[in-house]
Each structure stands twice: as C-alpha cells, then as structure tokens.
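Here is a walk through one protein model, written for someone new to reading structures. Take a look at the picture first, and then we'll go through it piece by piece.

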Amino acid sequence: MHFFNKTVSLCILLTLVIACEKEIELDIPGAGESIVVEGAIENGQFPFFSLTTTLSLFDPNFSLDPSNYFISDATATLTTGSGRTVDMDAYCLGDLDSTLAQEIAKQFGITPEAANSICVYSTFELQGELGESYSLSIKTAEGQELSAETTIRQIVPVDSIWTVPEPSNPDSLRVLFAQFMEPEGLGNYYRYFTQTNNEPFYPGLFGSVTDDNIFNGQKVIAPFDKGYARGTEIEFETYGKFTIGDTVSFKLAHMDKAHFDFWRTVEDPGSAGGGLFSTPIQIQSNVNGGLGSFGGYASSVSTIIIE
Amino acid sequence: MFKFLITSLGILACSLGISQNFTVSGFIKDASNGEDVIGATISVEELSGIGTASNVYGFYSLTLPKGTYTLVFSSVGLSNSSETIQLNQDIELSVELGSSSEQLQEVIVNAERNQDNVQTTKMSTVEMTSKEIKSIPALMGEADVLKAIQLLPGVQSGGEGNTGLYVRGGGPDQNLVLLDEAVVYNTGHLFGFFSVFNADAVKNTTLIKGGMPAKYGGRLSSVVDITMRDGNSKEFQADGGIGLLSSRLTVQGPIVKDKSSFMISGRRTYIDVLIAPFVKGTRAEGNSYYFYDLSAKLNYTFSRKDKLYLSGYFGEDIFQFSSSTGNFGVKIPWGNATATLRWNHLFSDKLFMNSSIIYNSYNFATEGGQLGFNFKFYSGIEDWNWKTSFDYFVSNKLKVDFGWNYTFHTLTPSTAQVSSQDTSAVDFSTDDISPKYGHEEAVYASLDYEVSKRIKINAGLRVSAFQQVGPYQFIQEENGAANDTVDYGVNELVQNYWGPEPRISARFLVDDASSIKASVARTKQYLHLVSNSTTTLPTDVWVPSSALVEPQNSIQYAVGYFRNFLNDEYEASVEVYYKDLENQLEFEDGYTQSLNEEIERSFVTGEGRSYGLELFFKKKFGKFNGFVGYTWSKTLRDFPDLNGGEEFFAKFDRRHDLSVVASYQLTDRLTASGTFIFATGNAITFPLDWYVINNELKANYGARNNFRMADYHRADFSLTYKGKQSKKLKSEWVFSVYNLYNRWNQYVIFFDESENGEEIAPGISQPVAKQISLFPILPSITWNFKF
C-alpha cells in the first residue's frame, strides 16, 4: 500500500499546486527522558544493541549534550531459553581498532562514516541460534531497569535470486527478483535486506517488512528494491536498481510478531511526525521500561554476481 | 407485527375523527416550472394555529369542520396565494405559487407569516433551497450543498475545503446523506474538496441534526436529505455555467405538457486539460485528473392519484498516471451511482403513499502494471433498497406517518490482485477477504399530534434489524494465527442484531411568535467507516456490523427556544444538546494497513459523548439578508484500549464555531455576498520527545489529541452582476474571492528534519514543525446563463 499512499500524495500535490508550506514555532514541553533500545540477535551472529536517550527537541529548556545521548555505563545480560547467561559490554566504535569497528558497523547496517560516533553493547561469547529464545535485561547506572524478550524462528530459505534488465535503462540497470516458498499457516513475518559488494546489508527503503497474509503457503516470486542506509541521498533514476558487475546478496529474515510490529510502525511515515495523509503512529515496542526493540532474525542469504 | 401496527393506527385514527368533517387536499406546484413545492405552508385564516404543510411530493391534506374558509398557501421564495372554499364536501384543490421575484415587494409585506420554525415540532432542522446555497460565495465558484450546510450551527467541517460533515460530535460516517432517497456513501470529489452534488440539479436540501423523525434511520448523527429537481413541466429550459474549475449544463422541459417532464444535468472539470500543456515533456506528463457528474430525472403523472418518478446520479473521479518511460502506469477511478424509481399513490385524499426501489453503489479501484506484473485494488459498496412510506392526514390535529424499509447490502472491502505474465510465478490475491452481505430492515410509525393549542408532540418508534449473512468464512484468530474457521453458505445467518429506536419531540407554544421544543432520539447504525487520515478519502472503506463488529448506538437529548421577530422577518433559536454514543470505532494503536486482513480485526471500540449550545439568528428576506450561527461544544471519546484508557478530545472537537453569512442587493442587477468563519483549531497529536532508530529521527507521541492547531478563520466575498435579462437569455457574472485576507490556515502540521539545522546525532538534524495551508486568496469568475 505504500505505492498507493505515494500515488495519492503525488496526486494531491499535482492538483493543488497552490498549496503553501511554511515552518512554524511550537512550544512543546518534553515528557522527560526515556531510554531507547535498538538491537537484534541473528542466527550465526553476535547479539548487539544500542542504548540511547530520548530528546525533548521542542522543549525550550532542553539542551542537547551528545555525550549523554549514548548510554555506555549500563550493565546488561542476555539469557537464552536453555538457561545460559552472558554479559553484554559497551563498545564505542570510535575507541576500537578500525577494522573491527567497520566489521561491527557493517553488521548493524551503519555507514562506515557514521560508525565512529556509535556505541553498542555486544558479546563475543554467544551467537544467535535457530529456534532459541532470548531475554535481555539492562540496568542503568541510575538504577533504571529495562527488559525485552524475543526468539529466533526457523529460517525460510531463499530458493534463488536473479535480475532482469530495467526497461528504462536496460544497458546498465538491473531489477532484483527473489523466489522462496512461504510455509503454510498464517503468522510468519519477514524483513528483507540487500547487500551490494562490500557494503553492509541495508533494508528496503519503502517497506522492508511484510506479513504473510497475501501469499500464505505459496511460492513467492517478486521484485525487490535495493536497500539503502537511512539518511543517504537517493537518485530517482537509479532508485532500487542494481548495476551490472555488482555482487548482490539478498537476505530474508524471518521474525516474530513483536519484532515485525516494531519495524512495521518504524517504517510508517506517521512514526516520524506525520505528513499530508499520515496520522501519528506510536512505534510498537517490545521493551519493558523503555522504548525501541530487541528482536530476533532467522536469516537466509542468497548471493549472485550480475553479469 | 406490521398488520397490528396498521390496525392500531386505524383505530386511533377513527377514534380521533369527527363525523361532520371534510377534507381539502391537493398538490402545490411552482407556477414557473410546475415542480412540486416541498414544505409549503397551508394555513386557515379563520382558524388561528390550524394548518399543515406539503410533503416531499407537494401533497397536502387538511381536514376541517364544515364551513367557509380562506386557505393561505405560502412557501419560501414564492409568492403567497389564498383561496376561499366552501367546505361542505371533500374538495380537491391544487395550487400553483408564482415566483416571488416579480412580486418581491408583496412578499416582504406578506412576509409569508412562515412560522414553521416556531409552530412545528421539528427542531434541530434546517432547510436550504438551491437558490440560498448558490448565493453563498464558493471556492473556485463551485456552489456546494455540503459546504453551505457546514455553515450552520452544530455542523463542522473536517478542515479546509473538506466536504465531510461532523454533526454535534458525530463522525463523518454518521450522516445519512440521501439523494432522492438513495444513500450516497462518498460525498466528495477530489478528496472531499468539492461535494458530489451539482447545485444546479438540486431543488431542496434538508439537514436534520437532532430529533430525527422515525422515517429516517441507519445513521447516528444527522440526515442530509437532498431532493433533485423534477424538471420543468411548463416549458423547455436550459441553464448552465462556465467557471474556472468546471462547466455545467442543465436541460429540462416537458415531455407531455403538465403531465411529464425531464431534467438532465452534468458538469465536468478541466484541470487535466488546463495542466496538459504545462507538463508536456516533463516527468508529470501522462498524469491527469478530472471528475464529472451527471444527474437525470423523469416524471410522469398518470392521474391525480398516480405519479411515477425515475431519477439517477452518476459521478466519477479519475486519476491517471504513467511514467515517462512507459513501463509503469496506473488508473484510479472512483465514484457513486444511484437510481431511484418512485411511485406516488393517493389511496384517498387523506392517505398518501410513496414506494421506491433504489439502487446505489460506490466503487474505488486502482489498476496498473509494471515489469510484467499487473495489479488491481478494489473496494466498494452496493445496495438494493425497497422503501415504502405512508402519510396519513387523519385530522387537522393528527398526522400519522408509517412505513418500512428493506436494504440488501454488498460490501467489498479492500481487495488486491497481483498477476504476472511469467507463468511460473504464482498470482497473489487477497482471497481471504471476501465481500460481506447484509440484510437491513426497519419498520416505523410516528404521529404528529396537537394535544392543545400550545402543545404538540411528535412521537415515533422505529424498529430496525441487521443480519450478516453468508457466504462468509469466519476465521477465529489467536496471536495473528488462524486456529479455527467456520464456513457459512449463501444467505446463511452469521450474526443478527436488532433494536428499537424510539423518538419523541414536543413543542410548547409560548405565544404566537415563540416556542420551546424538546426532543429525545435513539438511533442505531449498522454500517461503519473508520479512517485514520486527516481527511475523508476515496479509499475509506465501509464495513457492516458482523460477527466482528457490533452496531453503533446513540441517544440525543435537545432542548430549544425558537422565536420570530418583526412580522417573521427575523428568526432566532437557541438549542442545547447532549449526545451519548456507544460502540464507537477507531483503529487500534499502531495500526498500519495490511493486505488480506479484514480491517475489522484492527478496530477497538469505545464510547463518546458530546454536548453543546447553538445560537442561530437569521434575517429571512429583504435587500439585506443572511444569518449568524454560533456553536459552543465539547466532544469526547473514551476507549479502554486507546490513550491508556484516559478520555480524550475527538479530532473534530471544537469549542467555538462561528459563521456569518450576509447578502445585500445593491441595485436591481448587482448583489454582494460575504461569509466569515471562525473555528477553534482541530485537536492534534504532537510528539513530546524524539529518538533515533536506524539512524532516523522518530517521534515519541504524547497523549492522543493533546494539542490544538491554530484557530481557523476566513472570509469570502462575491459579487453577482446580472446581465441584460431578455426573454430569450438571462445571464449573470459571479466574481468571487475565497480567503479574502489570505489567511494561511493550518491544514496539516507535520515534522521534518530542517535542511540546515543543528546536528543532534550523526547525519540527523534538529526537526522543525511545518504547516501546510491549502488555499491562499483565490479569486474566480463564473458566467451563468439560462435560456
């Protein structure tokens, strides 16, 4: 339906060329600082999360202190369903060996430029396992406690991926297709990512998540737009397409409902302050005592080189 | 049940009748075009306070003791007529009322003594003629029935340029909008900026915002009853207009003089044609948008006793887009269609019947293709309706209405299909979502009885029911996964709802020119529309009451004081109301649309209440006329699953709402009109804090509807200059200015990262609040003609 929302917006803008936009001043008192968790655990990968604070940007009394923004003095443990508990420690990527920092940044889908100013909690003692459940608990230096629970489901294998020429520029641009068999039974949730050459995996820009309502139990063959790091400039002409010579990987991550609901609401324009036709959407969180999400991915990856 | 109703009404009628009474009855028509006059007043000069009014088909019936009487016939905008009758037997007396334009002075002197607003039991009801609607300055010169209604107290618009109606705290789906008895589900062209009703084809509009008579049902908050022109039965006539946005043409005339006539009216916009040269060669080429609508009506009078009407409406908005490379294209049509076949029959000079068969539909579709994939979205609603009503003019003190209504609904929720030219690929479709079918029935009876000179009551009972029937597959869900399904066959009962809807209103006459009225009305609603967007959209989907959704209920109490001044030249009223709403519907927190899932599964239910005070003051005629309407109101919603269970203001809660409408005839040929509107800003949900997810700034919203937009105010102005009025051609120029002082009213407020603001996190800059305003000062010109 993203397509439709875009079309509606385009249509209204087209017909109402006379509409005027201007900045306005608002005086909104902040709600007070909350803590935000953003993290994941994926099969075969180390778990990680970041811990940040909310920002009362419209509160006239709010002053921004970047050193406060990342919380790096909390203690955190991760416990598996089978009873194993490990500590997760804070790493500020700027303080790490640059190769390691870039590797971690890549895992998070963070652009190499942004990596230096980011802190994450992780552990190298445990990697995600299919079918396992995890419970994360965090305690800040001020004594605030947060927790989240998730599972890594079973993978849904990607059968194959291929590309077809983009009709507007068949000489150099390619559209990615993927095929997978969707298991019987409603209640499967997916997020997809693409990786181009040495870049990190980036999720699709307009709706990287879906439920299985529309293709439950079917063989799915569909085109997938190239994923992008958020906040990067995008060229309209090449949006979503790959180039001849690219090495392209497609990752299909199977999720539980809470993890899906988080990304589903994050990706709705309403979660970022709305727009012409969107209403406010409060992001659905699975974190008790805070905002954000810690969720499991059961990922299957397929790679090709475009010739 | 129904037999019992008729029998008991008959007994009641007999017991109230007196043997030496005779009946005078007939039809009231407009002398200039032969159209039925709705709501004309018939008063008896010799008997003060005795009188009646013509019904929707111009029929009246008055039963009086034997004697000699002078009957005075009057109607707004038409000159009075009086007839002296010797009533010693039943008399047929049909009357034609002349146009008041030639006899303007006389009308002012007569002042019609139209005291409907004081004398009848009707309250919270306003009628507007097409003429009045057209005299109000309009956006782009498009006279608009619904926007005229929004100026009345107790009625709010959804926002700038929006034709959605919010009546006394009710939602936009709670208005029963009828066009020649057919329900119109989506009342807006171009995302609601213009209403689907062409003012040229409309004869009369009645708004009922409280004390709904028993003959109306199916919606909680209001009735907007629009009657189309019948067609001139005297002479051939064409009128139309050429405006900036659209052109209109109406043709009407007799088929068989005084027996049969027709009317056909159409309009079409030409934004698409105007824009085309400017977008040629740009990325926007291949995009187009237009809307049109067509109304038509035929009538045939077989005899005094039998008359047939056939009317229809068809309107469509079409948006087309194709990419410059031609590999992607989409077409989005949507619109309403209605058809009404009506039969009027006079069983006696006291018993009038109308029976109608009505069809109506609303459809929305999107069809397109890209890269060998074709997709189609579709949603719609279709009704077949049989409605019969009786008006029984028992005596000059008692009038009884009764009838029934049956509707078969087919509602198709948003369905999607994706098909591929690649045969190895599986086609997707939302086959888990199938249309829903429902039967809706109602029987009603109401009586309007004058207890004494001072007291008159209108008491009615409507009993309504709704059955969801198969084919339907009920899926029992747990945590988003199906764990049981039940299949229902064709017409097999899935769910049944019913309930009584008692209505009562009473009038207490204080003196000749003032009265106090009170009403209580219970209403039920079996079809629902839930929308998350800031405006009414063509994609809005109606859903029926079903195994998943219960009917909405409401009860409204209203009390008012009504007074006329200075020979009825001025009319004033004060009304207060309190309304309780049950089973109100909203989307759950965090709702985003999901394909192939019944949207009902994302509804949460709660309660609502609304109360307010409405003031209305109108100068009815004279060179200077117009009205002032003011509303103070509060509208609240209470949902256990929203806003942490705390009560919150509805989006359209509005503390103050003021409209001033004035018109002044400067010379015989020049008239100036103006409007001024002031309204408290809409309630809106703002973020209190922000946080970063995936390197993007996200909002942490505060309580629901925790802030207000800026107050809305605007003035419009228009000048109408009549050209030379020859017998052959009458024409006029209308110059209008919308938003005279260029106020930038807030349509939407949203948050965006500022382009050169301070960085608060890597690559993320401070957000800013922005407003979008739709219409700056907008002059327009329209040429209207008639020959």
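Helices (H or I, at least four residues) and strands (E, at least two) are runs assigned by DSSP and numbered from the N terminus. With that in hand, chain B comes to 6 helices and 53 strands.

A bit of housekeeping. This is a predicted model, in which local features need pLDDT of at least 70, side-chain atom pairs count only at pLDDT 80 or more, and totals for chains, interfaces and linings use all residues. Residues are numbered from 1 along each chain as its sequence is written, chains are lettered from A and ligands numbered from 1 in the order in which they are written, and side-chain values use heavy atoms, with hydrogens and water left out.

So how confident is the predictor? Its score for each residue is the pLDDT, which runs from 0 to 100. In chain B the mean pLDDT is 86, and 90% of the residues reach 70 or more. Residues 9–18 of chain B are another story: pLDDT stays under 50 there, and the model has 8 contacts (heavy atoms within 4.5 Å) for them beyond four places in sequence. Residues 102–112 of chain B also have pLDDT below 50, with 20 contacts beyond near neighbours in sequence. Where pLDDT is low, the predicted coordinates should not be read in detail. For the complex, the predictor gives an ipTM of 0.90 and a pTM of 0.87.

Now for the inside. Buried means under 20% relative accessible area, exposed means over 50%, and partly exposed is in between (1.4 Å probe, protein chains only). Of the 787 residues in chain B, 59% are buried. A nonpolar core is a set of buried Ala, Val, Leu, Ile, Met, Phe, Trp, Tyr and Cys residues joined through side-chain atoms within 4.5 Å. The largest one has 78 residues, and B:L152 is among those that touch the most other members. Leaving out residues up to four places away in sequence, B:L152 touches B:V126, B:M128, B:L207, B:F616 and B:F627. Apart from that core lies another, of 27 residues, including A:F70 and A:L93.

Next, a sheet. Two strands pair if DSSP finds at least two bridges between them. One open sheet in chain B has 5 strands in the order β9-β16-β17-β12-β13, with mixed pairing. Because β9 (125–129) and β13 (182–183) of chain B stand at the edges with a single partner strand each, one side of each has no neighbour in the sheet. Further in, β16 (residues 202–208) and β17 (residues 222–228) of chain B run antiparallel and are joined by 6 bridges. Across that pairing, B:T206 stands opposite B:D225 in β17.

Some residues have backbone angles worth a look:

| Residue | Angle | Place in chain B |

B:D180 is buried, with a relative accessible area of 2%. There is also a cis peptide bond joining B:G470 and B:P471, with omega about 5 degrees.

Finally, what does the side chain of B:Y289 make a polar contact with? Its partner is the side chain of B:D317, at 2.4 Å. (A polar contact is a pair of N or O atoms within 3.5 Å; within protein, one must be able to donate a hydrogen and the other to accept it, and residues adjacent in sequence count only if both atoms are side-chain atoms.) The side chain of B:Y289 also reaches the backbone nitrogen of B:L190 at 3.1 Å. B:Y289 is found in strand β21 (residues 288–301) of chain B and counts as buried, at 3% relative accessibility.

Technical notes. pLDDT = per-residue confidence, 0-100.
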